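Please study the sequence and the model before reading each solution.

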Amino acid sequence: MQLKVSLFIILAAGALGCVDIPDFDDTPKIYYNGIDQEPEVDEATGKKVRENVIITIDFEDGDGDLGASADERSDSSFIKPYGKWGNYELVTARKGADGKWTESILAEDQYKWMPILKPDGKPGPIKGKIDLNTSFLYGNSTVPVYVRFKVRIRDRAFHVSEQIQTDSIQVPGYR
């Protein structure tokens, strides 16, 4: 019996030695994965009330310190060092009638937060996908407009990723 346990421990240690731990930089890296949209409809009237936009990015971070808890996001002393944006920034570029793109950060996108992505809190590499969200309201005088987004993320040590750009989509807007 003891031989079997010892053999198991040796085999397990050997198997763990074969696992390659990724060597990501401590500054997060992000890659554009896709963009999707889904209308929200008022069940009583059948009218569209909001266009929900979902931007999917792939990320990797060497020390895994991405995200913020709900308590932290409501604590002004935690938020203050982040400045004018949270742990991800969403810049909206809108295509005008003249074909030129104008960039701005929408009021509802001022402070964007992703949840803690490594709940165990242990430093170490992390890699995955995350959906980032925004929305556009329908109104009586809205017309379809083209938008695209620029995204970057920031970890808890304030390392900032490079900015990526999405494809363009049509959403409700005003001329």
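## Overall composition

Of the 175 residues of the protein, 34% count as buried (under 20% relative accessible area, with exposed meaning over 50% and partly exposed in between, for a 1.4 Å probe and protein chains only). This is a predicted model, in which local features need pLDDT of at least 70 and side-chain atom pairs count only at pLDDT 80 or more, while totals for chains, interfaces and linings use all residues. Residues are numbered from 1 along each chain as its sequence is written, and side-chain values use heavy atoms, with hydrogens and water left out.

## Exercise 1

Determine how many helices and strands the protein has, and in what order the elements run.

Step 1. The protein has three helices and eight strands (DSSP runs numbered from the N terminus: helices are H or I with at least four residues, strands are E with at least two).

Step 2. Read from the N terminus, the order is α-β-β-α-α-β-β-β-β-β-β.

## Exercise 2

Step 1. Six residues lie between the strands of the β1 and β2 hairpin, where Gly46 takes a positive phi near 75 degrees.

## Exercise 3

Decide whether Phe149 is buried or exposed, and find which residues it contacts.

Step 1. Phe149 is located in strand β6 (residues 143–153).

Step 2. Phe149 counts as buried because its relative accessibility is 0%.

Step 3. Beyond its neighbours within four places in sequence, Phe149 has contacts that include Ile35, Val53, Leu90, Phe136 and Ile169 (contact means heavy atoms within 4.5 Å).

Step 4. Glu103 is 46 residues from Phe149 along the chain, yet their C-alpha atoms are separated by 8.7 Å.

## Exercise 4

State what share of the contacts with a separation of 6 or more comes from residues 24 or more positions apart.

Step 1. Among the contacts with a separation of 6 or more, residues 24 or more positions apart account for 73%.

Note on methods:
Two strands pair if DSSP finds at least two bridges between them.
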